[in-house]
Amino acid sequence: HLMNYVVVALMLIIYGVLFIVIENYNKTRTPSATKNQRKLPGKMHCIIGVFQLLSIVPGTSRSGATIIGGILLGCSRELASEYTFFLAVPVMFGASLLKLVKHGFAFTGVEVAIMIVGMLVAFAVSIFAIKFLMQYIKKHDFKAFGWYRIVLGVIVLLYFVIKTVILKA
């Protein structure tokens, strides 16, 4: 019931607004959480994990939801971002495992080699991307990402509204 363009567009816009509001809120406070995620209280780990569940709603970014949750709980932008990258590991591992189970384990030697090369390339690119994003986050806030989500949400809404009007005409 939730997988439709209205829900996706609204979630894009809502989370975009949340990023902008939270960044404005962040200007007037000092993060209370330590810079080391291993020293966060266990309760905070669980609550940030619960924020990740919000991504079940289409159009909600898993990383965006956990970053917003971390910041609301007192983490710095950098700590919340680092935490969300680590939190992605079990999710991505589980999704990959589900795909393997769904499509079967029957691979030829060439397919295994291609898969291993693909995994290594994806790992290398992800390390580069994460380092770049962490450097960006240290110097910039998430407002640009918020505006991007708002604009994308409006474009999605307009596209489907126009498409619906044209099809009915």
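Q: I'm new to this structure. Which helix do the buried residues of H6 pack against?

A: Good place to start! This is a predicted model, and in it the buried residues of H6 pack against H1. Helix H6 covers residues 143–168, and its buried residues are Lys 143, Gly 146, Arg 149, Ile 150, Gly 153 and Val 156.

Q: Why might residues three or four places apart in a helix point the same way?

A: An α-helix has 3.6 residues a turn, so positions three or four apart point the same way. Now look again at the buried residues of H6, among them Lys 143, Gly 146, Arg 149, Ile 150 and Gly 153.

Q: How far does H6 reach from its first C-alpha to its last?

A: The span is 38 Å for 26 residues, close to the 38 Å expected at 1.5 Å a residue.

Q: Stepping back, how many helices and strands does the protein have?

A: There are 6 helices and 0 strands, so to speak an α-α-α-α-α-α run from the N terminus on. The C-alpha atoms fill a box of roughly 55 × 55 × 30 Å along the principal axes. Of the 169 residues, 30% are buried. Among contacts with a separation of 6 or more, 81% join residues 24 or more positions apart.

Q: Which residues of the largest nonpolar core touch the most other members?

A: This core has 20 residues, and Leu 40, Ile 48, Ile 67, Ile 71, Cys 75 and Phe 142 touch the most other members. Helices H1, H2, H3, H4 and H5 each supply at least two of the core residues. The largest share, 5 residues, comes from H1.

Q: Is Ser 81 buried or exposed?

A: Ser 81 has a relative accessibility of 1%, which means that Ser 81 counts as buried. This serine sits in helix H4. Leaving aside residues up to four places away in sequence, Ser 81 touches Ile 67, Met 134, Ile 137 and Phe 142. Two of these names, Ile 67 and Phe 142, you have already met in the nonpolar core.

Q: What about open space: which residues lie nearest the centre of the largest pocket?

A: Those are Phe 85, Ala 88, Met 92, Ser 126 and Ile 130, out of 35 lining residues. H3, H4, H5 and H6 each give two or more residues to the lining, and the largest share, 13 residues, comes from H5. The pocket holds about 1,200 Å³ of space.

Q: How many residues of each class does that lining have?

A: By class, the lining of the largest pocket has 24 nonpolar, 8 polar and 3 charged residues.

Conventions. Residues are numbered from 1 along each chain as its sequence is written. This is a predicted model: local features need pLDDT of at least 70, side-chain atom pairs count only at pLDDT 80 or more; totals for chains, interfaces and linings use all residues. Side-chain values use heavy atoms; hydrogens and water are left out. A nonpolar core is a set of buried Ala, Val, Leu, Ile, Met, Phe, Trp, Tyr and Cys residues joined through side-chain atoms within 4.5 Å. Buried means under 20% relative accessible area, exposed over 50%, partly exposed in between (1.4 Å probe, protein chains only). Helices (H or I, at least four residues) and strands (E, at least two) are DSSP runs, numbered from the N terminus. The expected span of a helix is 1.5 Å times one less than its number of residues. Contact means heavy atoms within 4.5 Å. On a 1 Å grid over the protein atoms alone, a cavity is a set of points where a 1.4 Å probe fits but cannot get out, and a pocket is an open set with protein on both sides within 12 Å along at least five of seven lines; lining residues have an atom within 4 Å of a point. Grid points are joined across faces, edges and corners, and a volume is the space filled by probe spheres set on the points. Ala, Val, Leu, Ile, Met, Phe, Trp, Tyr, Cys and Pro count as nonpolar, Asp, Glu, Lys and Arg as charged, and the others, Gly among them, as polar.
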